[in-house]
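Please look over the structure shown here before reading the report that accompanies it.

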Amino acid sequence: MRDGFRIGVDLGGSKIEAALLDRAGIVQDRRRVATPAGDYDATVAAIARLVDAIEREHGVRAAVGVGIPGTIVARTGLVKNANSTWLIGRPLARDVIAALDREVRFANDANCFALSEAIDGAAAGCASVFGVILGTGVGGGIVIDGRIMTGANAISGEWGHNPLPWPQGDEVPGPLCYCGRAGCIETFLSGPGLAADHRRHFGNALSGPEIVAAAEAGDGGAQASLSRYAERLARALASVINILDPEAIVLGGGLSAIAALYDEVPRLWRRFVFSDEVATRLLPPVHGDSSGVRGAAWLWPPETKA
Ligand SMILES: [Zn+2]
């Protein structure tokens, strides 16, 4: 066994990815396979095979962390809140630990993103970090002093199903959400939420990325939709700042690529944050698509002996 190696596994709905990190956080190997969707036993076996293949290739026995789309309930050890529904109610931690014959750490994938950016990404050196996923859904994770704050219900940072704060006329009651409520932050700030908002105002069905491209090409309607998006994001993040007061907020997910957000949103959130000065920084991600595997690997923090 060579000291300090970590393998991070990112279990996604369409792919399982694994990366070997050395002590310095340099990725030494990276592999991915298609997720055997719908087949729980095959999913566990695929994780074990990826880890085994990397360890054989490099002659190491690594500390392993796994990021999952959902959470593992501490009391029962069973998966909940996963959009990969074949994992729900399954003892994933127990089975992966048995397959790999070692202790394995697990965390929600949004928490892994936040951890990756907090340890050696955009927010490196920040004591308190809120990592935000703006993609198909809206999620988030909180990292304090380099550790994920999991929370009593394992839902820390899950702001996407809070209502959009300081709502304006046509935002009430807001779009219906799959969670059964209306006006959730996710219904405005996810990619599909942005697309639906644009359609409501202008009638044309563009996807989130198409709206961004149209705005860059000078389309006034698309620019207006992105302005509404930035203002809503500012309100939603201001309510997070008022509670958590993080040093940094790092955006991830597809919509984090909208460059204008990083100037506009901090300018707009001043109206809503309960402070005359706002020191919180809004940052683009450093690790992008690698954050899932990197954050899972850093479930074994740099100072621990792997
Ligand atoms: Zn909701």
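## Basis of the model

This is a predicted model, in which local features need pLDDT of at least 70 and side-chain atom pairs count only at pLDDT 80 or more, whereas totals for chains, interfaces and linings use all residues. Residues are numbered from 1 along each chain as its sequence is written, and side-chain values use heavy atoms, with hydrogens and water left out.

Helices (H or I, at least four residues) and strands (E, at least two) are DSSP runs, numbered from the N terminus. His161 is partly exposed, at 24% relative accessibility, and Cys179 is also partly exposed, at 28%, while Cys184 counts as buried, at 1%. Here buried means under 20% relative accessible area, exposed means over 50%, and partly exposed is in between (1.4 Å probe, protein chains only).

## The largest pocket

The largest pocket has a volume of about 1500 Å³. Its lining holds 50 residues, of which Asn83, Asp109, Ile133, Gly137 and Gly139 are the closest to its centre. A pocket is found on a 1 Å grid over the protein atoms alone, as an open set of points where a 1.4 Å probe fits, with protein on both sides within 12 Å along at least five of seven lines, and lining residues have an atom within 4 Å of a point. Grid points are joined across faces, edges and corners, and a volume is the space filled by probe spheres set on the points.

At least two lining residues come from each of β1 (6–11), α3 (109–120), β9 (138–144), α4 (185–189), α5 (191–202) and α9 (291–297), and the largest share, four residues, comes from α5. The lining divides into 17 nonpolar, 24 polar and nine charged residues. In this division Ala, Val, Leu, Ile, Met, Phe, Trp, Tyr, Cys and Pro count as nonpolar, Asp, Glu, Lys and Arg as charged, and the others, Gly among them, as polar.

## The second largest pocket

The second largest pocket has a volume of about 490 Å³ and is lined by 25 residues, with Phe106, Ala107, Asn108, Ile148 and Thr150 nearest its centre. Two or more of its lining residues come from each of β5 (71–72), β7 (104–108), α3 and β10 (147–148), and β7 gives the most, with four residues. The lining is made up of 13 nonpolar, nine polar and three charged residues.

## Cysteines without disulfides

A disulfide is a covalent bond between the sulfur atoms of two cysteines, counted here when the two sulfur atoms are within 2.5 Å. A search of the whole structure finds zero disulfides. Cys126 is in none, and the nearest cysteine sulfur, that of Cys112, is 19 Å away. Cys126 is buried, with a relative accessible area of 11%.

## Backbone details

Most residues other than glycine have a negative phi, and most peptide bonds are trans. The peptide bond from Val172 to Pro173 is cis, with omega near 0°, and Pro173 lies in the loop between β10 and α4. Ala154 is found in the loop between β10 and α4, has a positive phi of about 60° although it is not a glycine, and counts as buried, at 17% relative accessibility.

Asp101, in the loop between α2 (92–100) and β7, has a positive phi near 55° and is exposed, at 61% relative accessibility.

## Positions along the chain

Asp145 lies in the loop between β9 and β10 and is exposed, with a relative accessible area of 59%. The C-alpha atoms of Asp145 and Ala114 are separated by 12 Å, and these residues are 31 residues apart along the chain. Thr71 lies in strand β5 and is buried, at 10% relative accessibility, and from Thr71 to Ala260, 189 residues apart in sequence, the C-alpha to C-alpha distance is 33 Å.
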